[in-house]
Amino acid sequence: MYNKTIAELAQGLRSGEFSSVELTAAFLDRIKQHSGLNAYISVTEDLALQQAKAADARLANGDAELLTGIPIAQKDIFCTEGVKTTCGSLMLDNFIAPYNATVVEKFNHAGAVMLGKLNMDEFAMGSSNETSYYGAVKNPWNINTVPGGSSGGTAAAVAARLAVCATGTDTGGSIRQPAALCGITGLKPTYGRVSRYGMIAYASSLDQGGPMTRSAEDAAIMLQTMAGFDDKDSTSVDTQVPDYSAGLNNRLDGLKIGLPKEFFGEGLNSEVAATLETAIDEYRKLGAMVTEISMPTLKLAIPAYYVIAPAECSANLSRFDGVRFGYRCENPADLSDLYTRSRGEGFGKEVKRRILMGTYALSAGYYDAYYIKAQKIRRLISEDFKKALSEVDVIMGPVTPSTAFGIGEKIGNPIEMYLSDIYTIAINLAGVPAMSIPAGFAQGLPVGLQIIGNYFAEDRLLNIAHQYQQVTDWHQQAPTGF
Amino acid sequence: MNSQWETVIGLEIHAQLATQSKIFSGASTAYGAEPNTQACAVDLGLPGVLPVLNEEAVRMAVIFGMAIEAHIAPYSVFARKNYFYPDLPKGYQISQMELPIVGIGHLDIDVDGETKRIGITRAHLEEDAGKSLHANFHGLTGIDLNRAGTPLLEIVSEPEMSSAKEAVAYMRKMHELVRYLGICDGNMQEGSFRCDANVSVRPKGQKEFGTRAEIKNINSFKFVEKAINHEIERQIELIESGGKVVQETRLYDADKDETRSMRSKEEANDYRYFPDPDLLPVLIDEDFKAQIKARLPELPQAKKQRFKADYNLDDESATILTASRQLADYFETVVKESGSEARICANWITGDLLAALNKADLDISGSPVSHKRLAGLLKRISDDTISGKIGKQVFEELWQGTATADEIIDAKGLKQITDTGAIEAIIDKIIADNPGQVEQYRSGKDKVFGFFVGQVMKEMQGKANPGEVNKMLKAKLQ
């Protein structure tokens, strides 16, 4: 049952093969059974069964939608009314959100069942899920390796079949990198495609929520529910949402794929490179034309990102001050003590590091040298993408330089950790959509292929991913024991 | 004041915009609700919430910009001003820094009969913070976030005022303007209109500015004058006794009538402004401006000129009548409804009505005599039903009660007598009764004429038509 696609499950619910309550109970059992992965921060069992019951009633009434009764899970960055929303931090360990994020509201409206809230790097800052206050998440393909981050809980849960599908968020690769390391399908939509309202902000100009699923077909269904203009989010874009499933079966004859030479140079693991070569050959067989392109500004993405994202986060995280909600230190002596200790004790190391970097970059005397310069680089990168995507339909490349690394291997070396996002970060700076799809294995661990498209071309990306998944079965493989 | 020194003053005025809802949320801006009942998730700065700009606030800022003939920025940007304070929920204030919505403009002020043009550097939109309540919370500080997110327009002047008097004139003129435009209720007690003053002194003739001190949060015209004068004296005394003014922020204590230091330049915050990534740039096109221009009310200066030209008013009356939009509207309605000569309407309003309102500490919107009732009275004066003198008596009655002028005239029998027969009989009687005065008049003592008029009016209880009485008396006494 837990290996079925959303469409198959929807069919099973309608044919009476199983009820949503039964389906939900089965997933809740699996979550308990595999709690060692530490994928969930909260399991909302009572709420899930309640929602499943309501879904069964809707199914019986015949007014169900495709996602009605389907057990999903939310990254714990999305506010869920009446449910603890921690963002992976001690700072919000006691925070029960009083409202629903727009994305959560949309899934509720569709009748999806929420199994719980998924583990993540603290405030989405991390590439290994090791910065979570709730502990590291284990990669189901090898429990000694990381699942990636920051949406590591989501990737592990979907790969281990502890939810049919789940939400992630991507600021610098946080959907695509864990999707690649856990062998699932992840889509970071165009900036502005999915509402950010109720999604706890890390770097507002880069954050974007998206689906993490086992297949492109499921991702299309999930994105259909998540996408759309929201008047509560000024940066959400008011353009029409296409039918993402409609074009999945379009043929790829004549598709122009560009491979930036900067993506395949030094630093890329040779086995990963070879795996990607094979995947790209598959596209050639599907009728695509592959050309090498050059995007010279890509190498500037990491430094620009590590100015812009920390700068924004330094302000975004100021509201966590111990005054109105969240963690407050014991017996503060005065206001300054309240601030200093609440924030000093409530935030973890990586979060503090980024707040300090951002504060520094915005300080008088440094602003022009860092923030303004980074914004200029950001514009150049966007121009590079626009130019490339006027010459080719999509850009393909690696998602990560290597397969999943060991737990504890990079956590002591922030620079090395930051470099694991080298292929994903530029996409967020440009704001274009990108996917990671399973493309094979290296050293027994999943390898992801990244597909980058033009603004609002999610439908095209899903089509390209789906066609590949019609001729390969990497996305259907499950880790041993799951 | 010591004449070797001259003063340089610039003002930053914070005008709370009279929008229904907050600048970035849908919560109400009404004043005086129970603490924290008008603060929604956005105002509380809960995790995950986002600001959405209230278009009405933008409209009001543009209205203001047009009124001071300023450049309206086609592209302006909201920025985050970062600092920690318990009543600042997000740990930053959304404001505008590099690209404000309103650029360079000006405002003309009148001081001692001279008009002076004060430059306005800029005006920008921002959100207000909440309030910290230090009273009675078991030794803790209470936070009320009802005010958090209320839209403010910060209006920054050039340092072009040279006395406290000019500063007060500027502040008053600005106060008058924002209320005229309907963009701020101007309520200073509630903090809807308040200012910070930048004050420095320099030896007369020196070009460079002296070091300035900023006096924060002054919320009355009286305090602005006192605070600035106090600060000027303090700076001069300091320099003359060999000291140096330091750049700092000072707080005016109205109780003690002194300013005291809050923080020095060294302690000043680095606000780390940067563009707010949650908000798009504000784009203002020609269409938007044209729509607003069409809605723009007539401005005080233009209205004053029109009143002088169209109604033939003197400068003083026109100034008084255009001091507020409500008063100007009242005047124009009275002229229209009464059909009386505008100058007479103006005299009644600037004289009897305003005197009564001042005495009762009311403004025109609270006047017990509506424009309709005053027009009713003036109509009866101009059609000679009653004399101006009787009119004063009727006005008293209008002020006290609710009856119309006609009802009062009827009930009290105040109608003017124009029946020449009745007047003639009385005149004949008065002439017969006072042969001595008749003799005096006829021998050339013109002054005695007034005596006869008085006697006739007295006999007729003031109701005789004075014109008629004059004419007939003159004929009979020949």
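Chain B and chain A bury about 2700 Å² between them, and 60% of that is on carbon and sulfur atoms. Buried area here is the accessible area (1.4 Å probe) that two parts lose on being put together, summed over both. In general, the size of an interface is often given as the accessible area lost when the parts come together.

A word on the model. It is predicted, so local features need pLDDT of at least 70 and side-chain atom pairs count only at pLDDT 80 or more, while totals for chains, interfaces and linings use all residues. Residues are numbered from 1 along each chain as its sequence is written, chains are lettered from A in the order in which they are written, and side-chain values use heavy atoms, with hydrogens and water left out.

Back to the two chains. How many residues does each chain give to the contact? Chain B gives 29 residues and chain A gives 38 residues. Contact means heavy atoms within 4.5 Å. On the chain B side, Pro47(B), Phe84(B) and Arg272(B) lose the most area to chain A. Together they make up 23% of what that side buries.

The rule finds 1 salt bridge across it. That term means a side-chain nitrogen of Lys or Arg within 4 Å of a carboxyl oxygen of Asp or Glu. Which side chains form it? Asp278(B) and Arg196(A) do, at 3.0 Å, N to O.

Helices (H or I, at least four residues) and strands (E, at least two) are DSSP runs, numbered from the N terminus. By class, the chain B side has 20 nonpolar, 4 polar and 5 charged residues. Ala, Val, Leu, Ile, Met, Phe, Trp, Tyr, Cys and Pro count as nonpolar, Asp, Glu, Lys and Arg as charged, and the others, Gly among them, as polar.

Next, inside chain A. The salt bridge count between the domains is 0. The rule does find 11 residue pairs in polar contact there, both residues at pLDDT 80 or more.

Last, two single residues. Gln208(A) is in strand 6 (residues 208-213) of chain A. Is Gln208(A) buried or exposed? It counts as buried, because its relative accessibility is 0%. Buried means under 20% relative accessible area, exposed over 50%, partly exposed in between (1.4 Å probe, protein chains only). Trp5(B) sits in strand 1 of chain B. Trp5(B) is buried too, at 15% relative accessible area. A polar contact of 2.9 Å joins the side chains of Trp5(B) and Glu240(B).

Definitions and conventions:
A polar contact is a pair of N or O atoms within 3.5 Å; within protein, one must be able to donate a hydrogen and the other to accept it, and residues adjacent in sequence count only if both atoms are side-chain atoms.
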